[in-house]
Structures are given as C-alpha cells and as structure tokens.
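Please study the sequence and the structure shown below.

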Amino acid sequence: MSHGPQFEIEKNFPDSVITGIFQSWTFDPWIITPLLLTAGVYLRGWRDLHRRLPRRFAVWRLIAFQAGLLTLFLALASPLHPLAELLLQFHMIQHMLLMMVIPPLLLLGAPLLPLLRGLPRPVLQYGLSHVFASTALQRLGRFLTHPIVCLVAFTVSNVTWHLPGLYELALRSEFWHDVQHVFFLSTGLLFWWPVVQPWPSRLRWPRWTMIPYLLFADIQNTALSAFLIFSERVLYPTYAAVPRLWGISALDDQAAAGAIMWVPGSVIFLIPVGVLAIRLLDSPRTRSVTRNKVSYEAVKVE
C-alpha cells in the first residue's frame, strides 16, 4: 500500500504495530487548515445570526455543525485512518462517518447563512453579486438537490466504490483514496440534504416522501452489507496481504465490516424514518382528520 501509517509494519511485532497505530495522529495542514477556517467562519456568522434570530439559529445548531467538523477530523486524522488500512471493519467505520454521520451533522447546523455571514464583507459582497447571483449556478444547485439526483448519486457512489476493482485502486493509491473520500462526503451531503432540508432551502417533495427515500437507501445498504458478510472469498486482496491484528482473519474481518455496515447503518437510516413518521402523525392536519373521523363515528353510534 502506498499510503498509511508513518511507521514500519512488522508481522513479528504486533504490539509495536498497535502502539504505533494509536500514536499516529495526522496533523496534516491540508486537513487542519480548511477545518479550522470553516469552523471559524461558521462561528462568526452564527454569532451574528443568533443575536438576530435566536430561535432559528439556536445553540444546538452550532454544536451540531462543529461536531460534524470534529468528526471529520477524527475520520481523516485520528488512528482510525491507519487502522482502516489494516482492517476492513475500521475502513467501513471511516466510510460510514463520511457518508452517514458527518453530512447530517453539518446540515443540521443550517450552514448556508452562517457560512456566508461569517465571510469578510468584501468577499461576501462579491459572492452575492457575482457567484450566487449566477443563473447557471442556481440551476445547478436546484438540479443537484433534487431528491432523485441525491438518492441516485449516493447509491451509485456507495455501490461503485465498494466494487473490488475500485476499492483496491483506492487502497493502492493515495490520490484515489482521497477521491473516494471526497465522493463519499459530497454524495453524503447531497443524500441528507432533502432529509434535513437545511433552512432556508425550499422543500422539493412532501415530507412523507422522505420515508420511502430513506427506506430505499437502507435496502441498498443492506444488500451491499450482505454481499460482504456472506461472500466466501476475500473481496479485497490487499487485506489478505497485510499483518493480521488481534488474530482476525481477512474473511472474518470482511464479515465484521459487513455487519457494521448493516446494523449501525440501518439504525442511522431508520431513526429519521421514525422521527418523520411521528411528526407526520402529530401534524395539525392529521390531528384534524382524526378528530373528524372520531366525531363522525360518534354521530353514527347515536
């Protein structure tokens, strides 16, 4: 593998390997600098908006957004990264963070206005007058945030990058590994956009449609995880060639990765399904229909 922990992996000394892994935090300026800048710009914009609209930009939105950035740092710079190069199950955790945890956290922060408001005034004025006023950019934004586009992009990216050929390419090449992560994060943001619907974006489909939307995503996630769990051969040969930590065989590691994708992945999809169902059942319209039905039944009885 051309990228990985900055220490020598020796098969005869697993303890030294494990110690080196847990000491291998990566403080790459290409990771740290954008994250710190984004956190600072958001905080600056959020503080101003919180004073003006305290209910719309509550403290929990700030916490959600900064937690998303912190989780992104942990996914890319913590010991999880070198562990992901030795065990597929840790690689799966990293990918799930990029696709299913970080995007909804960032979007729950309603990041559009805080990030714009936090920019220096000259940059903001130029962006509003030239970039965001562009008709082509607005059309592109409407296209990319359409639920069908979001769902297809997420599904295709998830399935394609887990095909053995492309997955092995990402394991062998640092460049393609970074490309893979960009795809996972960007399509994750697209997928969760219609579910979270960050303010002030407009609703494209009725809220109830997000239930089958999430269930379809769960089905494709379950199918992919079952493919990993029940395969009788090692799908990614790289993991058969690296040192085996904790005596886990490559095939057992692959099955564990599939189980991680299956169970926690399904939970992540099904929690918002439950929240949406409760909100829809408790909506004023639903309560009104229920009351009318009860009144009608009472009249029939009388």
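The following questions and answers concern this predicted model.

Me: How are helix α11 and helix α12 oriented to each other, roughly parallel or roughly antiparallel?
Reply: Helix α11 covers residues 174-196 and helix α12 covers residues 210-230. The two pack at an angle of about 150°, with their axes 10 Å apart. Angles over 145 degrees count as roughly antiparallel. The relation of α11 and α12 is therefore roughly antiparallel.

Me: Which kind of residue, nonpolar, polar or charged, makes up the contact of α11 with α12?
Reply: From α11, Leu 190, Phe 191, Trp 192, Pro 194 and Val 195 take part, and they meet Met 210, Tyr 213, Leu 214 and Ala 217 in α12. Among the residues of this contact, no polar and no charged ones are found; nine are nonpolar.

Me: Which residues does Leu 214 touch, not counting residues up to four places away in sequence?
Reply: Leu 214 belongs to the α12 side of the contact with α11. Once residues up to four places away in sequence are set aside, Leu 214 touches Phe 191, Trp 192, Val 195, Phe 269, Pro 272, Val 273 and Leu 276.

Note on methods:
Residues numbered from 1 in each chain as written. Predicted model: local features only at pLDDT ≥ 70, side-chain atom pairs only at ≥ 80, totals over all residues. Heavy atoms only, no water. Axes fitted to C-alpha atoms, helices over the stretch in contact; angles between N-to-C directions. Helix = DSSP H or I, 4+ residues; strand = E, 2+ residues; numbered from the N terminus. Parallel < 35°, antiparallel > 145°, perpendicular 65-115°, else oblique. Contact = heavy atoms within 4.5 Å. Nonpolar A, V, L, I, M, F, W, Y, C, P; charged D, E, K, R; others polar.
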